Amino acid sequence: MNRARVFGMLLLLLTGSLARAHIASNGFLKLTADGTQVSGSLELAIRDGELAVGLDHDGDGKVTWRELKASQKSLQNYMQGHLRLGDGHAACPMQFEPLEVNERVDGNYLWLPFVVTCGSSLKQLSIEYSVLDAEDPSHRGLLTLISKGTTQTAVLGGAQGARRFDLDHVSPWSAFAEYLRAGIWHIWSGIDHLLFLLSLLLPAVLLRRQNRWEAVPIAAPALVNIVKVVTAFTLAHSITLSLAAFDVIRLPSRLTESVIAASIIIAALNNVFPRVTEGRWRIAFAFGLLHGFGFASVLAEMGLPQGARLVSLVAFNLGVEAGQLAVVLAVMPLAYYLRSTNFYRRGIMPWGSTAIACLALFWFVQRAVL
Amino acid sequence: VSSRIGLPRISRGKLFACAALLLNFVSLAANAQPHIPGNDDTVLAELSAGTRYSDVAARRSALNRVDVAIPLAQFYIQQSRLTGDLRFLGYAEAVLGGWVKQTHPNPDVLVLQATLQQSRHDFAASLATLDRALTIRPRSPQALLIRATVLRVLGRYLEAGAACEHFSELVDPRLGALCREGLRGLNGHLQPAYAALTQISPQGWLNSEKSWLYSELGEMAVRLGRNGEAKRWFEEDLTLVPTDFYVRAAYADLLLSEDRAADALQLLRGQESFEPLLLRIAIAQRRLNDSGLAQSRSRLCAAFDAERQRGEAVHQRERARYLLEVEDEPEQSLEAALQNWTVQREPDDALVLMRAAKAAGKARAAAPARDFVLAQGQNDVRVEALTATMLVSR
């Protein structure tokens, strides 16, 4: 071995290897378990397929579709030996469907669909993944396992032997609970939605007469006001949230976030310089539509689990409502109690609203301009 | 400092939104449906050297012959560097695998193994492997140099210095000086170290050795604020070794810091397959409102997402920059930068952390980096400029 060359190579490597490049080798294993069957596919980079079974038959350094098709049988045999699915007790036989090709950001992948049939209804799935274990120990199988509307993910390979996955424990209810929590949490941490609603609700316990705020004499009209505003807001943001969640409409988040800030300014200023004194629910509805897009961006980041999309969406929405209602129930009785005091009518109404408007103006500048 | 406290954060877990992002660019076919190519002659992949099935035979013989295993592993490591394809590191690992586990391993095998571990940022394992190699062959310049490099990345300059001293006794004294002065440039003696390195004449050196010298000089010049000189060193290096993507990235960063995004883009043209360079491309595209940004973004997003799915966190420095300079997510960027700082402590790591902290309005979060830089007496005009503005904003 030429020492100088080795040394030089190491040097070259050292100066650069600290900034690592490129994606490592991944296989994408997608499985859907249902009853006694698991249907699924394995996606493997063509380059990895070449290493596994040899695809480039004419040796010209290129793999064509013709060559790939001709290797279908050997790929299937390889898969039989390197991907074993079982019900926890015994292996289940695998049947293949015709090979196809899928394009990913880092190149073409061969897509090998199959169906596995087990003896009895599956409560557990064992997966033994040893694809490329001899050729590339850094290869991993990224598993997406769908069962009863719930998605599990895992990283397979790396000589860890068979892995077992429970198909029974997970249920749509776990997704429901998770998204319910996310909804509540978002309304609590997303103070902008609450401030908008509060700005509209502050005057609900008052009446506007001769350019002055007066307390409502009895609870009924205040209650009607609150119910109208909350319902309108809920209805509006539910509509747009659903539309966005199912990808019917999408707005740039900078735009929605800016308009949400603007909506708070408008709602708050309306308390200081009242323009709309009757039917504030209309403001709640109109801007509620935009707040819905705001919620949607949170949901988009969480992603809706496949098969439990609707349940999760409903859960998230209910969470938002629950969080919202908790605030209304905490604040509005107090507002009702204080409604005839000067502190409320001359203090909180104008100055509290001004403070909210200022804060929202700050957000607006930050979101729209900066 | 608290200017952003109470501000609703809309975009938690942005990285998990890759799927959504990718869907927006269906043209890339990121999540496209599997299909049957229309033509039998459609070329689906081109195979580069070392990726053929026929090579598998050579690999098999490497299982029984260490004299095949060592050069083959070296070849794969080199291919990984030339092509940016991480798969080659896996191939090298496969070739070395059995030899590393032996009770009396060949020290050359251990040095290569340590190199692999270091490129996966598994620094602790790399140091342990080097210890084994040095026990067997204490006078191994390769092992000592990797040891010095790893310790330097970790910010353990005293130990790195010891490794350099030891290394110097075994090699061309000019290489020893390069190792030593590179370290001195990080612990308070940047100016004299730079001056000393400019005196070195690389006559008779291998390209890789020259490249080491030029990249060290270039980076020092950047930290000194001598941008013109830095550019000359970087250009010298790239003329010699056009595939040196590490220096290309450093050069691009310099151009970006001078608001010359268009020039940076020009420098990086055709280098999209290297993620660290793709990151700089995306940053430049964003500044220029370039239409290519969508594609770069979704590719980067997919890369970080794949890494996350594998449970690896090797690219935290790049991820922090991506989040800050492409996605405009200072809070998440800060999180990644803090995580990165626990792993590596190069000047760029400090810089990334401070920038993220500043953008997130949490100057105090950058304290670990700032304290480290101060304690080492590290001079870096970029850090100094940033510290000044952070003090003002407080």
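B:Glu93 is partly exposed, with a relative accessible area of 24%. I start there, with one caveat: this is a predicted model. B:Glu93 forms a salt bridge with B:Arg120 through their side chains, at 2.9 Å from N to O. This pair connects distant parts of the chain, since B:Glu93 sits in helix α4 of chain B, residues 87-100, and B:Arg120 sits in the loop between α5 (107-119) and α6 (123-136), 27 residues apart. B:Arg120 is likewise partly exposed, with a relative accessible area of 26%.

In general terms, oppositely charged side chains can pair when their charged atoms come close. Over all chains, the search of the whole structure finds 30 salt bridges. I will go through two others in chain B.

The next one is between the side chains of B:Arg137 and B:Asp108, at 3.2 Å, N to O. Again the pair links distant parts of the chain: B:Arg137 is in the loop between α6 and α7 (141-153), B:Asp108 is in helix α5, and they are 29 residues apart. B:Asp108, at 12% relative accessibility, counts as buried, because the cut-off for that is under 20%.

Then there is B:Arg317 with B:Asp349, whose side chains meet in a salt bridge at 2.6 Å, N to O. B:Arg317 belongs to helix α17 of chain B and B:Asp349 to helix α19, and the two are 32 residues apart, so this is another link between distant parts of the chain. Both B:Arg317 and B:Asp349 are buried. There is also a network here: B:Asp253, B:Asp259, B:Arg280, B:Arg287, B:Arg321 and B:Glu325 are joined by salt bridges that share partners.

Now to α17 of chain B as a whole. How many of its residues are buried? The count is 11 of the 11, so the helix is largely enclosed by the rest of the structure. Just after α17(B), B:Asp328 takes a positive phi of about 60°.

That leads to backbone angles. Most residues other than glycine have a negative phi. B:Asn289 has a positive phi near 55°, and it is a residue other than glycine. B:Asn289 lies in the loop between α15 and α16 (293-309) of chain B, and it is exposed, with a relative accessible area of 72%. In chain A, A:Leu132 has a positive phi of about 60°, although it is not a glycine. A:Leu132 is in the loop between β8 (124-129) and β9 (140-147). Its relative accessible area is 0%, and it is buried.

Next, the second largest pocket. Its volume is about 670 Å³. It has 30 lining residues, and those nearest its centre are B:Asp253, B:Asp348, B:Leu351, B:Arg355 and B:Arg382. Which helices supply at least two residues each of the lining? They are α11 (207-224), α12 (227-240), α13 (245-257), α15 (275-288), α17 (316-326), α19 (347-359) and α21 (381-393), of chain B. The largest share, seven residues, comes from α13(B). By type, the lining divides into 14 nonpolar, two polar and 14 charged residues.

One residue in α12 of chain B is B:Arg232. B:Arg232 is exposed, with a relative accessible area of 54%. Its C-alpha atom is separated by 9.8 Å from that of B:Ala221, 11 residues apart along the chain.

Last, the surface of chain A. A:Phe246, A:Val248, A:Ile249, A:Leu251, A:Leu255, A:Leu310, A:Val314 and A:Leu318 form a nonpolar patch, with about 660 Å² of accessible area together. Which helix gives the most to this patch? Helix α10 of chain A, residues 309-338, does, with three residues. A:Val314 is found in that helix. A:Val314 is partly exposed, with a relative accessible area of 39%.

Methods. Residues numbered from 1 in each chain as written. Chains lettered and ligands numbered in written order. Predicted model: local features only at pLDDT ≥ 70, side-chain atom pairs only at ≥ 80, totals over all residues. Heavy atoms only, no water. 1 Å grid on protein atoms, 1.4 Å probe; cavity = no way out; pocket = protein on both sides within 12 Å on 5 of 7 lines; lining within 4 Å. Points joined across faces, edges and corners; volume = space filled by probe spheres on them. Helix = DSSP H or I, 4+ residues; strand = E, 2+ residues; numbered from the N terminus. Nonpolar A, V, L, I, M, F, W, Y, C, P; charged D, E, K, R; others polar. Patch = residues over 30% accessible without salt bridge, like charges linked within 9 Å, V, L, I, M, F, W, Y side chains within 5 Å. Areas by Shrake-Rupley, 256 points an atom, 1.4 Å probe, with all protein chains shown as cover. Salt bridge = Lys/Arg side-chain N within 4 Å of Asp/Glu carboxyl O. Buried < 20%, exposed > 50% of the residue type's maximum accessible area, 1.4 Å probe, protein only.
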